[in-house]
Amino acid sequence: SKLTFDRFVVGDENTFAYQAALQVANGENRTYNPLFIYGKSGLGKTHLLRAIQNYISANDPTRVCVYKDGSSFITDYTTAMSHRERSAPDILRDNYYDIDVLIIDDIQKLAGKAGTIDFFFDAFNHLTSAGKQIVLAADRSPSQLGAEAAFDERVTSRLDSGFSTSIQVPNYELKLRLITTFCERMHEDAVEGHVGLAITGTISKENISYMTERAGTNIRVIEGFCQRCLIAETHREQRREDINRLAKESWPNGEKQYKIEEIQRAVEQYFDISHSDLVGEKRNKDIMNARHIAVWLSKELCDATYAEIGEHFGGRSHATMLNSIRVVDKKRKEDKIYHDRLVQIRDNITENT
């Protein structure tokens, strides 16, 4: 499989999840149990889960590592329940209780499946009490699963009892790294004959940058977009109108653009501060923190220059806006709680506006 740690493109948006997954795979950190990775579809959760499985298979094959997605876990339970000769608990115990590393993807699919959840709960308790490792992934955090997906408190408390970390949608820098990496790999694979595609062209740095500007945030779709651009480049030199056309085909509804005013209102509500304080001259710690975050989110979510953002923050300069971005980027790399708060505010904006 190509879903390995070496092929995972790391950026600020996924570095916590990447490092935690690697530490679980190589056995360096046994306190991450369970390891719970959450984020929207297409951001790399499955890649990390498969990377754990592939790492263990290659480096420590004596450890029994099993990967299941939520649907196949449910199927295992229902199949065991319909067995005519053996009891379902016996079958399930035989299949799951001797596993060293159990990986379950898309665990949100268990919502509403009371019998499957009961078995998961029992298996979870048995494996963790025996010192075995569990890795889980979902499209929502454990607390959100409890609030929105009918998981009761006994289950969500288990899900959140180890280490939970999110994967965010990629910003411009990570998208640029992804597109550059995908294009290089696809070209190399085609030249070496590893894929049955006629990809012989390469894409200029200028067109790579423009592809990044036009790309959406689903990494799986970005990879397909890169492949289509490379194939088009093979037939003739790529033009901006070609990239635009392929981008519209890949993301037919376009990417929603947010207004700076929407970002400001969300930050003001989250931190319970007034608009005049957010954009004014006050410089106490709490207001400065909220202002930095509002500027950072404005740059991430709005199609605006630093100068345009500065106009919405009391006419502040380009340099001041850039400093706010640097402050937030530094803190979110160093402080997981700060990082998760930033994700929460961003999700509040993207899901409710």
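**Figure 1. Residues of strand β4 in the predicted model.** In strand β4, Gln133, Val135 and Ala137 point one way, whereas Ile134, Leu136 and Ala138 point the other way, and all are buried. The structure shown here and in the following views is a predicted model. Strand β4 spans residues 133-138 and is mostly covered, with six of its six residues buried. Burial here refers to a relative accessible area under 20%.

Figure 2. Strand β1, formed by residues 35-38, pairs with β4 in the parallel sense over four bridges. Within this pairing, phenylalanine 36 stands opposite leucine 136 of β4, and tyrosine 38 has alanine 138 of β4 as its bridge partner. Strand β3, formed by residues 101-105, also runs parallel to β4 and is joined to β4 by four bridges. In that pairing, valine 101 stands opposite glutamine 133 of β4.

**Figure 3. Packing of helix α1 with helix α2.** Helix α1 comprises residues 15-25 and helix α2 residues 45-59; the two pack at an angle of about 25°, and their axes are 9 Å apart. Because angles under 35 degrees count as roughly parallel, α1 is described as roughly parallel to α2. The crossing of α1 past α2 is right-handed. On the α1 side, the contact is made by Ala17, Tyr18, Ala21, Leu22 and Ala25, and on the α2 side by Leu48, Ile52, Tyr55 and Ile56. Sorted by class, the contact of α1 with α2 has nine nonpolar residues, no polar residues and no charged residues.

Figure 4. Phenylalanine 313 lies in the loop between helix α15 (306-312) and helix α16 (318-334). Is phenylalanine 313 buried or exposed? Its relative accessible area is 0%, and phenylalanine 313 is therefore buried. When neighbours within four places in sequence are left aside, phenylalanine 313 is in contact with Ile260, Gln264, Leu278, Val279, Arg291, Ala294, Val295, Ser298 and Met321. Serine 209 is 104 residues apart from phenylalanine 313 along the chain, and the C-alpha atoms of these two residues are separated by 28 Å.

**Figure 5. The protein chain as a whole, for orientation.** The protein chain contains 17 helices and five strands. Taken along the principal axes, its C-alpha atoms fill a box of roughly 75 × 55 × 35 Å. Of the 353 residues in the protein chain, 48% are buried. Among contacts in the protein chain with a separation of 6 or more, 74% are accounted for by residues 24 or more positions apart.

How values were computed: Residues are numbered from 1 along each chain as its sequence is written. This is a predicted model: local features need pLDDT of at least 70, side-chain atom pairs count only at pLDDT 80 or more; totals for chains, interfaces and linings use all residues. Side-chain values use heavy atoms; hydrogens and water are left out. Axes are lines fitted to C-alpha atoms, for helices over the stretch in contact, and angles run from 0 to 180 degrees between N-to-C directions. Angles under 35 degrees count as roughly parallel, over 145 as roughly antiparallel, 65 to 115 as roughly perpendicular and the rest as oblique. A crossing is left-handed if the near helix is turned anticlockwise from the far one by less than a right angle, and right-handed if clockwise. Contact means heavy atoms within 4.5 Å. Ala, Val, Leu, Ile, Met, Phe, Trp, Tyr, Cys and Pro count as nonpolar, Asp, Glu, Lys and Arg as charged, and the others, Gly among them, as polar. Buried means under 20% relative accessible area, exposed over 50%, partly exposed in between (1.4 Å probe, protein chains only). Two strands pair if DSSP finds at least two bridges between them.
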